[in-house]
Amino acid sequence: MLREELYDQVKKLIDKCNRCGFCRSVCPSLAELGWESTSPRGRVFLVGEVLAGRIPLTGDVVSRIDQCLLCRNCMAVCPVGGKIDQVIIAFRQLAAQEMGVATSKKLMLNMLSDHRGLCDVMAPVAAVLEHIPFKETPGGGAIFRLNKKMRLLPMFGGKPLMSQFQHIKVDKPIKKVAFYVGCYINYMGVNVGRAVLNILARNGVEVVIPQTQTCCGVPFFASGMVEKAVTLVRQNIDALEEANVDAVIYACGSCGTGLKEWARHPEIGSEYAEKAKKLEEKTFEIGEFLIDQLEVKELPSLPKPTRVTYHDSCHLAVGAGVIEQPRTLLKMMGNAEYIEMPEANTCCGMGGLFSVNHYDLSRKINSRKIDKIMSVNPQVVTSGCPGCNLHIMDGLNKAGSDIVTSHYIELINNAYDCAQE
Amino acid sequence: MNWESKDLKRELSSILNPNQVFTDPMELSCYSYDTSFYSAINPHMPQAVVSPKSLQDVVELIKWAGQKQCPIIPRGAATGQAGGTLAISGGIVLDLSSWNEIESIEPQNKMVFCRPGVTYAKLNQALEPHGLYLPPDPSSGDACTIGGMAANNSSGPRSLKHGALSNYVLGLEVVLGTGEVLVTGGVKGKVLKNVSGLNLNSLFLGSEGILGIITGIWLAVAKKPRARAAVVMIFDKAETAQKASQEIESRGVVPAAMEFVYCAPEATRAAASFYEELYVPGAEIEIICEVDGNEESVTWEYTKLQEVAKEYAQASRGSNEPHGIHELWEINDNIEGFSASIREGAKRIAASEDVCVKLEKLPKILREIQLIAKQNGIGIVNFGHWAKGHIHSGLLAKVEDPGEVDAAFRTADEIHRLVLQEGGATTAEHGVGFVRAPYMLEEHENGLDWMVKIKEALDPFHILNPGKICPLETRKESD
C-alpha cells in the first residue's frame, strides 16, 4: 500500500487525538523511558508527521514506534476513543514496506504461517532435545544450563495439541464449541490446551479443534506484515465458520483479542468482515464461557490450601474485557485463598515480539510487575495469557522467587483432576 | 542568539548526562505541542529538550542558560491548555516528568515531599495505604504532574469544598533565574500553619514557570472522607438551576462539588444517553452535586439534596454508594461523547475554556457565550464548576476547514472579551500561558507592571518561560 493510501486510512484516527495526555498515565514504555516520543500521544503525533512527510522515516522513528507494546492500555483511557493500535500498525506497515522486516523476525513468523507442518514434526523432537541445553522449571520454563542469567524460554510441549486432539465427544452435549488453540498453546502450552478440553468436557461440552486453523495474525499485524496477516485471518475465519458450532473458545489473551477484532481490519474485505462479526458474537475466552454462558456455580477444591493471585493480561482485560470471570473462578475453588495484587492490570512487559526486540526494556517493565506480585506473597500467580505467564516466570526466576506461574485454567484443571482421584 | 550553536548537544551534555539531552528534530517535534488548540495549529519546536533528575542538574542548567540568555521552558505532562509549556521563542524544554520521586510521606504529620514529575494519581496511590489523599483533584489527575499543578495552582471539581492546591502547599523548592535555590515556607522545617513572613508560596503557585523552576513540593494531605453521595439534576433553565443551588446551600448542605453541562436546548442528552429517566426535552442544563464527609452527615445532606432536586429539577437521580456515584459522574466526564453527539464530525477544542464570572451573571453569560459560537458558525458545549461561576467552553469546530479554525479563534477571543467586560476572569484554573497573555493588560492594568517587576527581580536574564503570563514586550508596547 502506498504511503498516501496509508495516510488516508489513518489520518482521521490521528487527527482525532486532542493531545490531552491522559494516555501518558498508563503507558508501560513511557514509565520506563520518560520522553514524550515514547508516549502514546507522542507516537501518534510522530506517525502523523512521518506519513505527512514532515519528518523522514528513519531508524530512530521506527525504534520509537517499535517501543510500543500494543498493550492498548492507552486506548482504555483515551477520552476520544482513539484507535491507537491501528495508527501504530499502519506505521509499522509503512516501515515494513519501505525499510523491510528484520530477517530473524520474518523467519520466525513465517514458520508459524507457512511451515506449520514442519513445526508439527519438529516440536516433539525439540521437546526431547531441549533438555540437553535447558533445565525445566516447575512452571514449565526453560533455563539455559550454561548461563542461568539468560532469558527463560518456553519448553516445547511434545506432540502439538492439535495433533493430539481433533474432536472431544461427550454424552448428550449441552453445547458444541470449537477451540481456537493458538500457536503458543499448540506447541508450548499444551497443558493449558489439555486443561481447557478437560474442563469443557467435564461440563458437558463437545469440542472440535478445526485442523485448518492457523496463527491468529496478531504478530503479523504488529510487525506491519499486514498482507500475510490478512491471509491468516481469512484462513481462520473459514476454518471456524466451517466448524458450525455454538461458540468459539480461546485461552490466550492475545489470540483472543485478534479473533474478536478481525472485523476491524478493512484489508480482509467486506465479505470476510461480515463473517468475522458473526464469529465475534460467539467467541468467548474460556473463563468468560464458563461463567457467562455455562453459568458454572461451583468448582472442586484444590488438593491443599494455596494462596493465589491473578494478573490481568492487557489484551484479555483491555482488548476483550475479560476481567472478573477468571477471578470468580479462582475464588470458587475450595482451598484457594485468592489475594488481589496491587495494580493487577498493569502490563507485564511481554508484548509478544516486543520482548524479543526490546528485552532490556521489557525486563524493566516486568520488574515493576514482579514487585507487585511479590508484595502479596502468593504461592501461585496466574493469568489468562501464556505469553504473560512466560514473562512473569522469567521475572520471578531472575528475582530468585519460588512463586509458581500458571495459566489460571490449569490450576482449575488441577482441582478437577484431584476431585477425580 | 549565542546559545544556538551547532554544539548545543555537546554543550548541554557537559552539564547533564548525555542521555538526558536530545537535540534531534524527531524528538524535539514531540515537544512542540501541549493540549491547546493553538499548538495544534501553530507548533513551536524547542532547540533542545533535557530531562533533569536532580536539583544540581537544574541549577547548573539555569546558570548556563543565564549566561547565554537561553529560554528555559519547564514542562510536566503538557496537559495544559494554554500553551504554557510551548517554546514560543525557542529555547530548551525541561521535561521534568521523569523526576518523579515521592521522597517522604509523614502520615503522622499529614504531609509529603515530592519531586515535580510525580503525577497526582501516583501520589494518591502512595497515600492510599495511610488513608490519606491530596484533595484538589484536577480532572486530568491521572496524567498531570504535581509540579504542573503547583505551577498552575490547579483545583478541579472538589475545590468547591476542599480548596485549590494553594491550600495544601506548605513549601516549595525553587530554582530562580539566577540559579539561586529558594526554599519557601521556612527552611527549618514545614508545619501545617505558618504566617511567618510574606507568603512566597503564593508567589510561585500559578506562576507557570516564569519566576522559577519548581523542583520540590511539600504538601499537606488530608484524611479521605468516609462517605459520599451525589445527585444529578436536569433543569429546564439555568435560572432554575441557580435557584436550586442557592437552596442547597440555604438548607445547610456544603457541597464538595457542583458541576454542570450547559447546552441549550439539548443538555438533557448528556444525561439521557445514560439514564432514560433523565430525559427532559428542551432542558438547558444538567448539574451533579456531590457531598462527602462521615456517614451520618452525608446521609443528612443526601436527603436535603434529594428534597431540593424534587422541588426544583425536572428530573433527577441520586446514589450514595461508590459504584452508583461513579456511574453518575460518567455523565459529566463524558464531555467528549456528548460533544460528538452535538456536532457530528467536529472536534472539541480548548481555546477559551476557562473563564470565571460572578454567580449572578452565570445564566446570562452562558447564553451569550452560546450565541457567540452560533454567530461564528461553530458548535459549543459549556461545562464546568457551577457554584464557582467557572465555565469551560468546548468549541466544536471542523478543524480541517480553515474557515472554522479562524471562527474558533474568533469565538475564543470574543468570549474572553465578553467576560472581561462583565467583570470576570479569563482563567480560573488552567492558567494564562501564551494564549491568554494578550488579555492580561486589560485584566490587570498596573497590576501587570508589578508582575513584570517581580519577574525581572527573580529572572533578571529573562530566560524563564518567556512570553507567558506577562510578556515583557506586552507592557512596553502599551507604554
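In chain B of this predicted model, strands β3(B) and β4(B) run parallel and are joined by four bridges. To see one of those links, find Pro74(B): its bridge partner in β4(B) is Leu94(B). These two strands belong to an open sheet of four, in the order β1-β2-β4-β3 (chain B), and the pairing in that sheet is mixed. β1 (21-22) and β3 of chain B are the edge strands, each pairing on one side only. If you're wondering what holds such strands together, strands of a sheet pair through backbone hydrogen bonds, either parallel or antiparallel.

Now follow the chain out of β3. The loop between β3 (72-75) and β4 (92-95) of chain B contains Ala82(B). Is Ala82(B) buried or exposed? Ala82(B) counts as buried because it has 29 C-beta neighbours inside 10 Å, and the cut-off for being buried is 20 or more. Who are its partners? Setting aside residues up to four places away in sequence, Ala82(B) touches Ser36(B), and also a set that includes Thr427(B), His430(B), Gly431(B), Phe434(B) and Arg436(B). Val169(B) makes another reference point: 87 residues along the sequence from Ala82(B), with 23 Å between the two C-alpha atoms.

Next, the greasy part. The largest nonpolar core has 283 residues, and Val196(A) and Ile249(A) are the ones with the most contacts inside it. Helix α6 (residues 84-99) of chain A gives this core its largest share, nine residues. Which residues does Val196(A) contact, leaving aside neighbours within four places in sequence? They are Phe179(A), Ile249(A), Ala251(A), Ile286(A) and Ile409(A).

Chain A can also be looked at by domain. Its domain assignment gives domain 1 (3-99) and domain 2 (306-420). Taken over C-alpha atoms, the centres of these two domains of chain A are 28 Å apart. Where they meet, 12 residues of domain 1 are in contact with 13 residues of domain 2. On the domain 1 side, α2 (28-33) and α5 (73-77) of chain A each supply at least two residues. That side is made up of six nonpolar, three polar and three charged residues.

The two chains touch as well: 21 residues of chain A are in contact with 25 residues of chain B. On the chain A side, the elements giving two or more residues are α3 (40-51) and α4 (59-66). α3(A) provides the largest share, four residues. Sorted by class, the chain A side has 10 nonpolar, six polar and five charged residues.

How far does the predictor back all this? It gives the complex an ipTM of 0.94 and a pTM of 0.94. Chain B averages a pLDDT of 94, and 98% of the residues score at least 70. Watch out for residues 475-479 of chain B, though: the pLDDT there is below 50, and the stretch has five contacts in the model beyond near neighbours in sequence.

Terms used
Residues are numbered from 1 along each chain as its sequence is written. Chains are lettered from A and ligands numbered from 1 in the order in which they are written. This is a predicted model: local features need pLDDT of at least 70, side-chain atom pairs count only at pLDDT 80 or more; totals for chains, interfaces and linings use all residues. Domain bounds come from an automatic or database domain assignment. Two residues are in contact if their C-beta atoms, placed from the backbone, lie within 7 Å. Ala, Val, Leu, Ile, Met, Phe, Trp, Tyr, Cys and Pro count as nonpolar, Asp, Glu, Lys and Arg as charged, and the others, Gly among them, as polar. pLDDT is the predictor's confidence in each residue, from 0 to 100. A residue is buried if 20 or more other C-beta atoms lie within 10 Å of its own, exposed if 12 or fewer, and partly exposed in between; C-beta atoms are placed from the backbone. A nonpolar core is a set of buried Ala, Val, Leu, Ile, Met, Phe, Trp, Tyr and Cys residues joined through C-beta atoms within 7 Å. Two strands pair if DSSP finds at least two bridges between them.
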